[in-house]
Amino acid sequence: MRKNIVAGNWKMNKTHAEATALANDVVGSNYAHEVQLIMFPPAVYVSEISKIAASSNVAVGIQNSSQHESGAYTGELSTSMIKSVGANYVLVGHSERREYFNEQNDVCAAKVDQILKAELTPIYCCGEVLEEREASNHFNLVQSQIEEGVFHLSADDILKCVIAYEPVWAIGTGVTASSDQAQEMHKFIRTLLVDKYGIDVANDISILYGGSCKPSNAKELFANADVDGGLIGGASLNASDFIAIANSF
Ligand code: PGA
């Protein structure tokens, strides 16, 4: 059975002192333990925050990884390095990576392969920009992101992945997809998975919603049959908001 997950993407925020304080607050909070909590701090803090989280049920991930195994790629981090400092999850294809670093689906697919090779869990992000939704092209766009990013995987491997639907127009804007819009797209993604891998595999894959998810709307979003949690940006920078979201199932 698929997991409920609440993942906090801290993006490029927090000093060292602030980041360790936030991690300690999250780890020390009360939340329903059937929810998998994941913190995605900036890469430089991952090693230390993994130690802070080590004796808890909170997992740690990294916001990006290289599609290459090792070698002359200045500034990049390989999945084996990431694994060696205690992270278990990796974000792939976040819209900010796609937009500002020109990451296309083929690069995302190569990253997913490296992540799985290192026995880490990819959280594969997809989602449309506003113009695509307004042109009614959002289903096609998300379909191609999913097909080109993860459909090369075997059933065994896709079961090791998490998918996050993040409409770009809802990220950091305060505008959330309505509960119906979220469920509609999550159901569409689940149906793509059913068609490709069958119902049993599709039902075991968690699909998270991201985009201005906060304590005031998380309950309504998570109540949907195909919304298995959230990928939280702004609201994950505050431990009590993040925990309130985790307690919204
Ligand atoms: P937001 O970001 O919650 O601040 O909208 C979500 C994300 O980008 O993962």
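The ligand sits in the second largest pocket of this predicted model. Around the ligand there are 13 residues, and Lys11, His94, Glu166, Gly172 and Ser212 come nearest.

**Ligand shell**
- Sorted by class, the residues around the ligand are four nonpolar, seven polar and two charged.
- Among the residues that come nearest to the ligand are Lys11 and His94.
- Gly172 and Ser212 also belong to that nearest group.

- Glu166 is one of the nearest residues, and a polar atom of its side chain lies 2.7 Å from an oxygen atom of the ligand.
- Gly233 places a backbone N or O atom 2.9 Å from an oxygen atom of the ligand.
- For Gly234, a backbone N or O atom lies 2.8 Å from an oxygen atom of the ligand.
- On its own the ligand has 280 Å² of accessible area, and the protein covers 95% of it.

**Overall fold**
- The chain contains 12 helices and eight strands.
- The C-alpha trace spans about 45 × 45 × 35 Å along the principal axes of the chain.

Key:
Residues are numbered from 1 along each chain as its sequence is written. This is a predicted model: local features need pLDDT of at least 70, side-chain atom pairs count only at pLDDT 80 or more; totals for chains, interfaces and linings use all residues. Side-chain values use heavy atoms; hydrogens and water are left out. A residue is near a molecule or strand if one of its heavy atoms lies within 4 Å of it. A polar contact is a pair of N or O atoms within 3.5 Å; within protein, one must be able to donate a hydrogen and the other to accept it, and residues adjacent in sequence count only if both atoms are side-chain atoms. Accessible areas come from the Shrake-Rupley method with a 1.4 Å probe; for residues, only the protein chains shown count as cover. On a 1 Å grid over the protein atoms alone, a cavity is a set of points where a 1.4 Å probe fits but cannot get out, and a pocket is an open set with protein on both sides within 12 Å along at least five of seven lines; lining residues have an atom within 4 Å of a point. A molecule sits in a cavity or pocket if more than half of its atoms lie within 2 Å of its grid points. Ala, Val, Leu, Ile, Met, Phe, Trp, Tyr, Cys and Pro count as nonpolar, Asp, Glu, Lys and Arg as charged, and the others, Gly among them, as polar. Helices (H or I, at least four residues) and strands (E, at least two) are DSSP runs, numbered from the N terminus.
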